[in-house]
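Biologist: Please take a close look at a single part of this model, and describe how its surroundings are arranged.

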Amino acid sequence: RDDDPERPVMKLIGRVFALKKIPPFEELLDAELCLIARIAHPRRYPPNGIIAGTGTPLSRLYIVVEGHLQLADGTLLPRILGVGSLMFEQTAPQDILSAPGRETLCLTINKHHFFTLIHECPAFVLGLLKLADPEKGLL
């Protein structure tokens, strides 16, 4: 079905090229990008789709490829979302929604694979630290 968020929407090479455009992935080696692309699952979210409810930790890492994610109050969120939830059980301060008026495409990485990625690809961790906002923390 076209509205199934689990249906495959990108081949492996498409995931590699999408990742190359997003910091901190742009600084990784091709072999590292291929490793990440293999474990990243594409998911489409309909306009205003609920990704997580208020007070809920995210269960996976979200890498926004098309569209954006935002809080219920309209605050735009970073293109990589979920690090704080996966590592520190941080919860969503408000509902997290996909973009209004358009579909949002994300690559998602589950918690187990996220920790494997941290272990196998330290350059990814360093890149995340460069992107972190000290005032807002990690979400």
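Modeller: The model is predicted: local features need pLDDT of at least 70 and side-chain atom pairs count only at pLDDT 80 or more, while totals for chains, interfaces and linings use all residues. Residues are numbered from 1 along each chain as its sequence is written, and side-chain values use heavy atoms, with hydrogens and water left out.

Glu89 forms a salt bridge with Lys111, at 2.9 Å between the closest N and O atoms; the term denotes a side-chain nitrogen of Lys or Arg within 4 Å of a carboxyl oxygen of Asp or Glu. Since Glu89 belongs to the loop between α3 (83-88) and β6, and Lys111 to helix α4 (residues 111-120), the pair ties together parts that are 22 residues apart in sequence. Helices (H or I, at least four residues) and strands (E, at least two) are DSSP runs, numbered from the N terminus. Lys111 is also partly exposed, with a relative accessible area of 32%.

Thr104 lies in β7 and, at 0% relative accessibility, counts as buried. A polar atom of the Thr104 side chain lies 3.1 Å from the backbone nitrogen of Ala99. Leaving aside residues up to four places away in sequence, Thr104 touches several residues, including Arg43, Arg44 and Tyr45, as well as Val64, Glu66, Leu69 and Ser98; contact means heavy atoms within 4.5 Å.

Another salt bridge joins the side chains of Glu103 and Arg44 (2.7 Å, N to O). Glu103 sits in the loop between β6 (96-98) and β7 and Arg44 in strand β1, so this pair ties together parts that are 59 residues apart in sequence. Glu103 is partly exposed, at a relative accessible area of 35%.

Two of the residues that Thr104 touches, Leu69 and Ser98, stand opposite each other, with Ser98 in β6. β4 and β6 pair in the antiparallel sense over three bridges. An open sheet of three strands has the order β2-β6-β4, with antiparallel pairing. Its edges are β2 (50-52) and β4 (69-71), each with a single partner strand, so one side of each is left without a neighbour in the sheet.

By the rule for salt bridges the count comes to four. One of them is formed by Glu27 and Lys130, whose closest N and O atoms are 3.5 Å apart. Glu27 lies in the loop between α1 (12-20) and α2 (30-39) and Lys130 in helix α5 (residues 122-131), 103 residues apart. Both Glu27 and Lys130 are exposed.

Key: Buried means under 20% relative accessible area, exposed over 50%, partly exposed in between (1.4 Å probe, protein chains only). A polar contact is a pair of N or O atoms within 3.5 Å; within protein, one must be able to donate a hydrogen and the other to accept it, and residues adjacent in sequence count only if both atoms are side-chain atoms. Two strands pair if DSSP finds at least two bridges between them.
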